[in-house]
Amino acid sequence: SEVSASRLNRIPRQAIDGVVLLDKPLGISSNQALQRVKWLLNAQKAGHTGTLDPAASGLLVLCFGEGTKLAGIGLAEDKTYEACVQLGVSTDTGDAQGQVIARQAFTGSDADIAAALAAHRGEIQQTPPMHSALKHQGKPLYDYARAGVEIERDARTVTIHELVLIRRQGDKLCLRVGCSKGTYIRVLAEQIGGALGCCAHLAALRRTRIGDLDLAGAPTVEDLERMAPETLRLAVRPPEILLNSVPSLILDASEEGAVRQGQCIWRLNVGSGLVRLHGASGPLVGLAEVKDGAVYPKRILLPRQK
């Protein structure tokens, strides 16, 4: 279209390093959202820090250029969701996109709901659903599920940091869920239903937070499409926002030169674990791991183009 061609002509083709916090809409996959924003920015390299199903909306962290080197950090972060659980009905996928397989009405009280939620806070066991992207022998489980094949899955321990009833609308519970990585909210919905002695499935899901990143100011794809090129570039935030929760270590010029060549440097009294590395003038150099005073480079960013 003329609009598409015009936008393509207005955006210079150059490497873009950074992060876009996107409010993904319903109805498109995370990759579709990523590709649309990548096209708008004319970016050469892009990825994201954790998939949202087409039936889920909310925070999707898109990484571009050197920012993709830090995408793994977002995969490990705790996440927060707003989830609507429909009591009384089960589906074969555990969510509203599946076929109804059972009905069993909820006949309990508000006190029963409060007790069921309390029982699912803290560490719990979950068995990954067949309709998931978890792989078995190189194939996602949902491929087996579509073929009618059931694969044995091991239960795993996840942590529910927060599980709060926001409101109840008849047999629909609107919840705020704060959880560790690897938590399946669809499975949690079914588990809550089981504790209440009824069927249940996940009716709607919206991700509101990943680590300390949230939806505040996050544009939609449509917002980005309406932006002028110079405004669009302002939506790209620096890669270091992915490392806000990681302690920092300032390097002198010789240390920076060494880690940029993949060499270990030594620092005493800096603890252990991940650290973000900054040059003496402030720019982010990358991510390292400290162990017994040794600072091992893990992800080093190329100097940002000016």
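Let me start with a definition: a nonpolar core is a set of buried Ala, Val, Leu, Ile, Met, Phe, Trp, Tyr and Cys residues joined through side-chain atoms within 4.5 Å. Buried here means under 20% relative accessible area, taken with a 1.4 Å probe and protein chains only.

Hello everyone. What we have is a predicted model, where local features need pLDDT of at least 70 and side-chain atom pairs count only at pLDDT 80 or more, while totals for chains, interfaces and linings use all residues. Residues are numbered from 1 along each chain as its sequence is written, and side-chain values use heavy atoms, with hydrogens and water left out.

First, the overall picture. Of the 306 residues, 45% count as buried. Taking contacts (heavy atoms within 4.5 Å) between residues at least 6 apart in sequence, 69% join residues at least 24 apart.

Now to the inside. The largest nonpolar core has 27 residues, and those with the most contacts inside it are Leu87, Leu163, Leu175, Val177, Ile185 and Leu196. Elements that each supply at least two residues of this core include strand E4 (79–87), helix H4 (110–119) and helix H6 (185–195). What does isoleucine 185 touch, leaving aside residues up to four places away in sequence? The list is Tyr81, Ala83, Val177, Cys179, Leu202 and Leu205.

There is also a second, separate core of 19 residues, which includes Leu59, Cys63, Ile210 and Leu301. Leucine 59 lies in strand E3, residues 56–64, and counts as buried because its relative accessibility is 0%. Beyond residues up to four places away in sequence, leucine 59 touches, among others, Leu21, Leu22, Leu52, Ile210 and Leu213.

Finally, the cysteines. How many disulfides (pairs of cysteine sulfur atoms within 2.5 Å) does the rule give? The count comes to 0. Cysteine 84 is buried, with a relative accessible area of 17%. For cysteine 179, the closest cysteine sulfur is that of cysteine 84, and 15 Å is too far for a bond. Cysteine 179 is buried too, at 2% relative accessible area.

Technical notes:
Buried < 20%, exposed > 50% of the residue type's maximum accessible area, 1.4 Å probe, protein only. Helix = DSSP H or I, 4+ residues; strand = E, 2+ residues; numbered from the N terminus. Disulfide = S-S within 2.5 Å.
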